[in-house]
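Thanks for coming, everyone. I have one structure to walk through today. Have a look first, then I'll talk.

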Amino acid sequence: MKTKLTLLFTLCLSLQMIAQNSDWKVLGKKDVTYKHEEDVVNLRGSEKDIKKFKIRCTQGTLKLKKVVVIYKDKSRDEKKPKGTGIINKNMSSFTFSIDKNKTPDKIELSYEAIGNMVLTKRAKIELLGR
């Protein structure tokens, strides 16, 4: 009986994690070179309705330096990455929140790829929002 409850609990947690990951939508994709780089992701339409966002690395390793959210009213909110800011392949950054009662217009990313340039060529990332 105890193993059945443990199995049921584990299954429920797994389904919850899958459901949480499925509501993230891709806002933009970028290739990152092995030098300091800054990119801007312009948000359009329903992408501006996000409350949180994160960065997922799909290839290589990324060193995230800072993120700046620019709102419709031209105000800027600079966010520093938590921890070391290093994101490996198939990992995501901690989530960043959007200020309440404000509409984001664009997100500026400051980062660089790190690691073995011969093997991975570039790091590839996705900006996800929900």
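Now the ground rules. This is a predicted model, where local features need pLDDT of at least 70 and side-chain atom pairs count only at pLDDT 80 or more, while totals for chains, interfaces and linings use all residues. Residues are numbered from 1 along each chain as its sequence is written, and side-chain values use heavy atoms, with hydrogens and water left out.

Let's take the overall layout. The protein chain has two helices and ten strands. These are DSSP runs numbered from the N terminus: helices are H or I with at least four residues, strands are E with at least two. Read from the N terminus, the order is α-β-β-β-β-β-β-β-β-β-α-β.

Next, contacts across the sequence. Take the contacts in the protein chain with a separation of 6 or more: 79% of them are between residues 24 or more positions apart.

Now burial. Buried means under 20% relative accessible area, exposed means over 50%, and partly exposed is in between, with a 1.4 Å probe and protein chains only. The chain has 130 residues, and 36% of them are buried. Its accessible surface is about 8500 Å². Carbon and sulfur atoms hold 55% of that surface. Those areas come from the Shrake-Rupley method with a 1.4 Å probe; for residues, only the protein chains shown count as cover.

Start with Val26. Val26 sits in strand E1, residues 25-32. Which residues does Val26 touch, not counting those up to four places away in sequence? Glu47, Glu126, Leu127 and Leu128. Look at Leu128. Val26 and Leu128 are 102 residues apart in sequence, yet 4.6 Å apart in space, C-alpha to C-alpha. Val26 counts as partly exposed because its relative accessible area is 40%.

On to the core. A nonpolar core here is a set of buried Ala, Val, Leu, Ile, Met, Phe, Trp, Tyr and Cys residues, joined through side-chain atoms within 4.5 Å. The largest one has 23 residues. Phe53, Ile55, Leu62, Val67, Ile107 and Leu109 touch the most other members. Two or more residues come from each of E1, E3, strand E4 (61-71), strand E9 (104-114) and strand E10 (123-129). E4 gives the largest share, five residues.

Beyond four places in sequence, Leu109 is in contact with Glu37, Glu38, Asp39, Val41, Ile55, Lys66, Val67 and Ile125.

Phe53 takes us to the aromatics. How many aromatic pairs does the structure hold? One. The partners are Phe53 and Phe96, and the pair is stacked: 5.2 Å centre to centre, with 25° between the planes. For the cut-offs, rings of Phe, Tyr and Trp (its six-membered ring) pair if their centres lie within 6.5 Å; planes under 30 degrees apart are stacked, over 60 edge-to-face, and the rest tilted. This pair links distant parts of the chain. Phe53 is in strand E3 (residues 52-59), Phe96 is in strand E8 (residues 96-97), and they are 43 residues apart. Phe53 and Phe96 are both buried.

Lys79 is in strand E5, residues 76-79. Buried or exposed? Lys79 is buried, because its relative accessibility is 12%. Outside four places in sequence, Lys79 is in contact with Phe53, Lys66, Val67, Val69, Phe96 and Ser97. Then the polar contacts, meaning N or O atoms within 3.5 Å; within protein, one must be able to donate a hydrogen and the other to accept it, and residues adjacent in sequence count only if both atoms are side-chain atoms. The side chains of Lys79 and Asp77 make one at 2.8 Å. A polar atom of the Lys79 side chain also lies 2.8 Å from the backbone oxygen of Ser97.

Thr61 next. Thr61 is in strand E4. Its relative accessible area is 18%, so Thr61 is buried. The Thr61 side chain makes a polar contact with the Asn88 side chain, at 3.4 Å.

Last, two backbone angles. Most residues other than glycine have a negative phi. Asn90 has a positive phi, near 65°. Asn90 lies in the loop between strand E6 (86-87) and strand E7 (91-92). Asn90 is exposed, because its relative accessibility is 62%. Asn101 also has a positive phi, near 65°. Asn101 lies in the loop between E8 and E9. With a relative accessible area of 84%, Asn101 is exposed.

Note on methods. Contact means heavy atoms within 4.5 Å.
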